[in-house]
Amino acid sequence: MNRSIFNRSAVLLCALAPALGAQAAFDRTKAPRLARPARLVVPPVRVTELPGGMRLKVVENHELPLVQVIVTIDGGVRLDGNTPGISTFMAGLLDDGAGSRDAAALQSELAYLGANLSSTASWDGYSISLKLARRSLDPALDLLGDVIRRPTFSGAEVKRQRDLRLAGYLQTRDRPEAVAGLAFNMAVYPAGHPYHRATNGDSATTATFDSSSVRAFYQSVIRPERSTFIVVGDISVAEARAAITARFGDWRATGTGLATPAVTVRPTVRTASRVYLIDKPEAAQSVIQIGWPGVERTSPDYAALMVMNTILGGSFTSRLNMTLRETKGYSYGAGSGFTFRKVPGPFTASASVRTNVTDSSLVEFFSELRAIRDTPVSADELARARNYLELQLPGDLEGTSQVAGQVAQLQGFGLSLGELPRFAAAVRLVTVADVQRVARRYLTPDRATIVVVGDLAKVRAGIEALRLGEIETWDAKAVVR
Amino acid sequence: MVPLAPIMRYLLLLAALPAAVLAQAPRLKVPASVDTLPNGLTLIVHEDHSVPTVATNVWYLVGSGDEKVGRTGFAHLFEHVMFMGSQHAPYPEFDTRLEASGSSNNGTTNEDRTAYYEWGPSNALPLMLWLEADRMGWLLPTMDLPKLDAQRDIVKNERRQGVENQPYGISQDILPPALYPAGHPYSWNVIGSMADLSAASLDDVKDFFRTYYAPNNAVIVVAGAVKTDSVRRAVRQMFGDIPRGPAFTRPTPPAFTVRDTVIVTEDRVQLPRVYLSWHGVKSFHADDAALDLVSYLLTGARNSRLTNTLVYERELATNVNAFNGSKKLDGDFAVVATARPGKSLNDLTTAIDEHLARLATEGPSARELQQARNAIEASFLNRLESVNAKAEQLNNYYYLTGKADGFQADLDRYAAVSAEDIKRVVNTYLRGPRVTLSVVPQGKKDLAATRRTVQ
């Protein structure tokens, strides 16, 4: 007791003391020395099997009366086959009517319960996310059961969503970043490769979607044996198991599931860079995307790659951002990154740049993409990038949604939360030589795909003069069909 | 202004967090200690030891509303200049030192305040405070024109990316001066005009800093795995000798009535979009919460009135959104709808006006109103999961109400709104004169909204 009273009066004295006296001992000419950061502690994940081949993963966190449920179902857009866009379309319709409720009634009920449900499809799976208040657990999970097991896919709702998606293609053409991204994927991955197409498909295919085709697709891909229930929050393992089993315990697969086809088409192999230009008349900026096929998430080089990319374009002080934004003033921000999927996505470096410095910006991009291969990074850059990657990890596990999201993301690559401390340890061991080695191996600026969406009347001549490679001109209407 | 993202130092991509909760919810409590240093600096500390992280949230109580004629965009430009180094932490140490500690940072400017954020592992707090103190007290010794010019270029690029190169971006320039009278602090776009950004001088930077960037015009929130006493000691050590700045008064917005205005502009877009904008109320005005609920009743969920009718039943619009844009000094309310291919904006405005008339006459059902309250309550509880979000809210409540832990009091406002209140505020604010802005594809002015219908 005395100590705390002493402490309190000491604080009071501080407050009353003359300002100068209070900080006389403080030397502001030097940055403060920091105490050691807390060790990364990941919460335990309890994994159990459920009937029907389902899995349950529970993380207890009783800080707030909240529960985050994420149901992941393996499969996803790679199952689309000759109906591109149907996975995202079907997933979006799951909560547009299910059980006894139509779309408006279902979503009204969810909101009334203070719950928030969303359903999406990615390249490698489907994800149904439900965030809820603990005390609405039972009614909200009943609705989750309806959404996953008893979606309606009514003719009227399918038509509405189909028309909305068709209008959406038109609006996508207005957004140069979106056009650049789609064109980039088309160029890096040739026809026949799944990534050649947009996850949202095309208007010709979408126009054919109807209630029966969507339902048939649903039945072949939304299946218990592919499902994992991730439950994080104010709930015990036993409660979670009972609650999920009550709604899904009798869920059994019917018919045959659609198998994920092997990817037989290789990404575009280049012997030289190639430029794709898309006109956006009177554009104030050009959107630039540069890249090539990427790498496996499970690569032994993963930690080194993340450190290398943090230095190149993965943080505010990265070379691309400091050069294109801070030093040259060409852009509001430039960056780079690897997209990790089960079948590797691309490496991409990108920025929106002022129209009249489009060519100069390309010069700077390639200068940085080559420099990190040709010259070892500084010890200072290496230390900063390693610390940045490692020490921000605890912040990735702050709330129930973040924890569930991390579990889901890692699970997609066959990894658990235990991967995070392993990653931290691997990052600490990355050397200057490792950075240069992975830069040389995984950055191929002499065989790049380069997309520029901008005012071609103003930027074409400058780009041609750079002689980056053969130039093709594409139309936004052909990219977003 | 309404459907704008805050003007930020750089883009931060946030995944949309799902929302949760409802009735008989636990009382929301975010214990926060508030104290003020002799130099006028206010410090708010909230302890949350759930994960070893910390967020600092520094607000200077100045925004675009304080700008002078011919210097629109300056408050935000100044925000950028604050990252260009200070006497003991020369450029680019602000960023390099934070990243080396595992921390991130950003800044945002709106009409009423400029905010600076750092977040990262809790052991990095002394570094965050030291950097904030250095730029609060020692920015000018190393400030020069090249630094201003560098950030001027970046802000112009930000404007190009967020306004010129964005479909419908032009609306951000058109709406504020159309709704608010000349001289009103909200009558221009936060990011300013290219000409005014070009005109900003080094003297402007110095004057602005000396007037507004003083401890007595700043509030620091520290939230996270920290001890209140040691935060107080550190803040006194690092900020205690920064001198108090001059007193100043924020502008007083003139009372005004919107003149019914119809504006049509062409843009390189595929589909026409209409913006309806009314004069609203300021934050925490007696009708503020009711107008928030109105925006939910109109477009907050799939079954909300405008969403259900315009997007789904009648298939007139691809999307529709309502916003209650209440701010510190004044406010506005907007409905924004994009037409489906082949639909005219008059079809949309007619349907919107019909719904407003009906809501004003019949009011919401009990169930509808409770859904809106529950959804808002859910978003409150979700915010409590993040120290960054809590820090931001503590600063916001302190600025607007004088009380930091205003979470429950804020939520109580929504519980107190009745169906009669909803009818009244729709009648009072959304049935009178407004700005009608149509943004149409080039050469398609015939698609613009031209007339008032049910008024």
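This is a predicted model: local features need pLDDT of at least 70, side-chain atom pairs count only at pLDDT 80 or more; totals for chains, interfaces and linings use all residues.

Colleague: Over which residues of chain A is the pLDDT below 50?
Modeller: For chain A the mean pLDDT is 94, and 95% of its residues reach 70 or more. One stretch with a pLDDT below 50 has 19 contacts in the model beyond near neighbours in sequence. That stretch of chain A is residues 1-23.

Colleague: And where in chain B does the pLDDT stay under 50 with 39 contacts beyond four places in sequence?
Modeller: Chain B has a mean pLDDT of 93, with 93% of its residues at 70 or more. Over residues 1-6 of chain B the pLDDT is below 50, and that stretch has 17 contacts beyond near neighbours in sequence. The stretch with 39 such contacts, beyond four places in sequence, is residues 11-23 of chain B.

Colleague: How many helices and strands does chain A have?
Modeller: Along the principal axes, the C-alpha atoms of chain A fill a box of roughly 80 × 65 × 40 Å. Of its 481 residues, 50% count as buried. The secondary structure of chain A comes to 19 helices and 12 strands.

Colleague: What separation is there between the centres of domain 1 and domain 2 of chain A?
Modeller: Chain A is divided into domain 1, residues 46-248, and domain 2, residues 274-479. Taken over C-alpha atoms, the separation of the two centres is 29 Å.

Colleague: Which element gives the most to the side of domain 1 of chain A that touches domain 2 of chain A?
Modeller: In chain A, 30 residues of domain 1 are in contact with 29 residues of domain 2. The elements of chain A giving two or more residues to the domain 1 side are strands E2, E3, E5 and E6 and helix H7. By class, that side holds 17 nonpolar, eight polar and five charged residues. The most, 11 residues, comes from H7(A).

Colleague: Which residue of E5(A) is the bridge partner of A:Ser122?
Modeller: Strand E4 of chain A, residues 116-122, runs antiparallel to strand E5 of chain A, residues 125-133, and seven bridges join them. E4(A) and E5(A) form a hairpin with two residues between them. The bridge partner of A:Ser122 in E5(A) is A:Gly125.

Colleague: How many residues of chain B are in contact with chain A?
Modeller: On the side of chain A that touches chain B there are 36 nonpolar, 24 polar and 16 charged residues. The contact joins 76 residues of chain A to residues of chain B, whose number is 78.

Colleague: Which helix of chain A is included in what covers the buried residues of H2(B)?
Modeller: Six of the eight residues of helix H2 of chain B, residues 93-100, are buried. These are B:Phe94, B:Asp95, B:Arg97, B:Leu98, B:Glu99 and B:Ala100. Their cover includes, from chain B, strands E5, E6, E7 and E8 and helix H3. From chain A, it includes helix H14.

Colleague: Which residue, with a positive phi, follows H2(B)?
Modeller: H2(B) spans residues 93-100 of chain B. The phi in question is near 85 degrees, and the residue is B:Gly102.

Colleague: Why is B:Arg232 not counted as buried?
Modeller: B:Arg232 lies in helix H8 of chain B, residues 228-239. In space, B:Arg232 and B:Val34 are 9.9 Å apart, C-alpha to C-alpha, although 198 residues apart in sequence. A buried residue needs 20 or more other C-beta atoms within 10 Å. Because B:Arg232 has 19 C-beta neighbours inside 10 Å, it counts as partly exposed.

Methods. Residues are numbered from 1 along each chain as its sequence is written. Chains are lettered from A and ligands numbered from 1 in the order in which they are written. Two strands pair if DSSP finds at least two bridges between them. Helices (H or I, at least four residues) and strands (E, at least two) are DSSP runs, numbered from the N terminus. Two residues are in contact if their C-beta atoms, placed from the backbone, lie within 7 Å. Ala, Val, Leu, Ile, Met, Phe, Trp, Tyr, Cys and Pro count as nonpolar, Asp, Glu, Lys and Arg as charged, and the others, Gly among them, as polar. pLDDT is the predictor's confidence in each residue, from 0 to 100. A residue is buried if 20 or more other C-beta atoms lie within 10 Å of its own, exposed if 12 or fewer, and partly exposed in between; C-beta atoms are placed from the backbone. Domain bounds come from an automatic or database domain assignment.
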